[in-house]
Amino acid sequence: MPIGRFHQDITTLSKSILLLPLLFLTTSFGPFYPKKAEKPGNCAGVSPFYGYTFLDPDIIHKSGAYAPFFTRWDDYYERYYFNQTEDIQKSENIQEWRERFCGQPLPEDIAYVVYEADISEIAGLHTAAADPQKKAPLPYRLGGNTFAEMIALNGCTEVTAYLMFAKKCETYVGPKSSGWNSGDRLVPQMLDLIQEGVDRFKDTQSQFLRMRYAYQLVRMAHYAGDYPYAVDLYNYLLPKIDRKKPSIIYFWTLGHLAGALQKMGKYPEAAYRFSLVFRFCPSKRAQAYRSFLIRNDDDWKKTLALCQSDAEKSTLYILRAGGARTFLLDDILQ
């Protein structure tokens with residue numbers, strides 16, 4: 001082969017090799033055109049330019065536990081996780097109730113009793129469970145409900161007593177209540193209900209239900225805006241609960257403790273507890289991520305000092321690196 005031809009072929013090959021990274025950049029880091037609904041008219045089918053994306057969405061394993069927190073393109077972050085949070089909480093709670101009853105009741109039956117039945121239906125169920133002769137009929141809408149039937153058959157009056165209490169709490173802290181403004185809430189009534197719950201907690205033998213009472217009480221104090229009381233309730237109730245069997249409700253309670261601590265200005269203590277909720281509780285991971293707050297390097301050092309393992313420290317680094325709220329320029333430069 002003539003030397004000139006050989007040199008030309010080598011040059012062409014070298015240029016092709018050099019073009020490969022450019023081709024990769026063009027395909028993986030090209031302009032980002034979000035898909036939008038087409039509108040009729042002369043501009044139908046033309047998407048506006050929104051800038052460049054430097055991450056191919058297909059690279060991320062979208063079913064990964066932490067993926068939704070670090071994928072910021074378009075509205076994927078909101079669509080993927082936050083819109084599913086309520087369903088995740090509900091399904092985890094139903095599953096835990098089902099495990100408590102040996103996996104026997106149907107999930108949809110548990111969902112009805114826990115989430116949809118009104119307090120009068122639960123009161124009727126309580127009457128049936130308390131009847132030693134098992135002659136008291138179930139409320140009409142609970143007829144054929146496998147969860148209600150198991151409660152009545154086994155005389156689970158502690159369960160029905162808790163469910164009635166929980167229904168009363170929802171009046172003050174549920175989505176139909178007065179929102180986030182504690183000033184609009186009926187605080188004296190909420191505090192009275194907390195005292196009732198403390199008395200019920202003391203009379204309850206089931207550790208499963210004692211954990212749920214603690215959650216209701218700490219949440220109620222948090223929503224009432226009495227943050228020191230929420231902390232005191234947590235410190236009083238939790239040591240009295242046998243937590244050998246894991247429960248998602250513990251982390252739900254821990255989240256309210258963290259929120260109360262944050263409101264009291266105890267930011268490192270709050271951030272550390274939010275990181276635990278983020279790490280261990282998928283149903284509250286979104287709220288923990290949103291609430292995690294490091295104001296400055298002093299907060300950061302104090303929060304790290306609370307960690308009891310490298311795994312806990314790693315979770316803090318993940319939260320901070322993931323874009324959770326920080327305010328110093330040093331956070332960007334580090």
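Trainee: Let me start with one helix. By about how many helical turns are E196 and R200 separated in helix α8?

Mentor: Keep in mind that this is a predicted model. E196 and R200 sit four residues apart in helix α8, so about one helical turn separates them.

Trainee: What do the side chains of E196 and R200 form with each other?

Mentor: The general idea goes like this: side chains of opposite charge can pair when their charged atoms come close. Here, E196 and R200 form a salt bridge, with 3.0 Å between the closest N and O atoms. R200 has a relative accessibility of 32%, so it counts as partly exposed. E196 is partly exposed too, at 24%.

Trainee: Which lysine side chain meets E196 in a salt bridge?

Mentor: K168 does, with an N to O distance of 2.8 Å. Look at where the partners lie: K168 is in helix α7 (residues 157–173) and E196 in helix α8 (residues 187–203), so this pair ties together parts that are 28 residues apart in sequence. K168 is partly exposed, with a relative accessible area of 28%.

Trainee: How many salt bridges does the structure hold?

Mentor: Seven. Another one of them joins the side chains of D298 and K302, at 3.2 Å from N to O. D298 is partly exposed at 41% relative accessible area, and K302 is partly exposed at 45%.

Trainee: Let's move on to helix packing. At what angle do α9 and α10 pack, and how far apart are their axes?

Mentor: Helix α9 (residues 207–223) and helix α10 (residues 227–237) pack at about 165 degrees, and their axes are 7 Å apart. To put a word to that angle, use the cut-off: anything over 145 degrees counts as roughly antiparallel. That is therefore how α9 and α10 run relative to each other.

Trainee: Is the crossing of α9 and α10 left-handed or right-handed?

Mentor: The crossing is left-handed. On the α9 side, the contact is made by A214, L217, V218, A221 and H222, and on the α10 side by Y227, Y229, A230, L233, Y234 and L237.

Trainee: How do the residues of that contact divide into nonpolar, polar and charged?

Mentor: Ten are nonpolar, one is polar and none is charged.

Trainee: Is C102 buried or exposed?

Mentor: C102 counts as exposed, because its relative accessibility is 63% and the cut-off for exposed is over 50%.

Trainee: Where is K134 found, and what is its phi near?

Mentor: K134 is in the loop between α5 (119–130) and α6 (146–153). Its phi is near 55 degrees, again a positive value in a residue other than glycine. K134 is partly exposed, with a relative accessible area of 39%.

Key:
Residues are numbered from 1 along each chain as its sequence is written. This is a predicted model: local features need pLDDT of at least 70, side-chain atom pairs count only at pLDDT 80 or more; totals for chains, interfaces and linings use all residues. Side-chain values use heavy atoms; hydrogens and water are left out. Axes are lines fitted to C-alpha atoms, for helices over the stretch in contact, and angles run from 0 to 180 degrees between N-to-C directions. Helices (H or I, at least four residues) and strands (E, at least two) are DSSP runs, numbered from the N terminus. Angles under 35 degrees count as roughly parallel, over 145 as roughly antiparallel, 65 to 115 as roughly perpendicular and the rest as oblique. A crossing is left-handed if the near helix is turned anticlockwise from the far one by less than a right angle, and right-handed if clockwise. Contact means heavy atoms within 4.5 Å. Ala, Val, Leu, Ile, Met, Phe, Trp, Tyr, Cys and Pro count as nonpolar, Asp, Glu, Lys and Arg as charged, and the others, Gly among them, as polar. Buried means under 20% relative accessible area, exposed over 50%, partly exposed in between (1.4 Å probe, protein chains only). A salt bridge is a side-chain nitrogen of Lys or Arg within 4 Å of a carboxyl oxygen of Asp or Glu.
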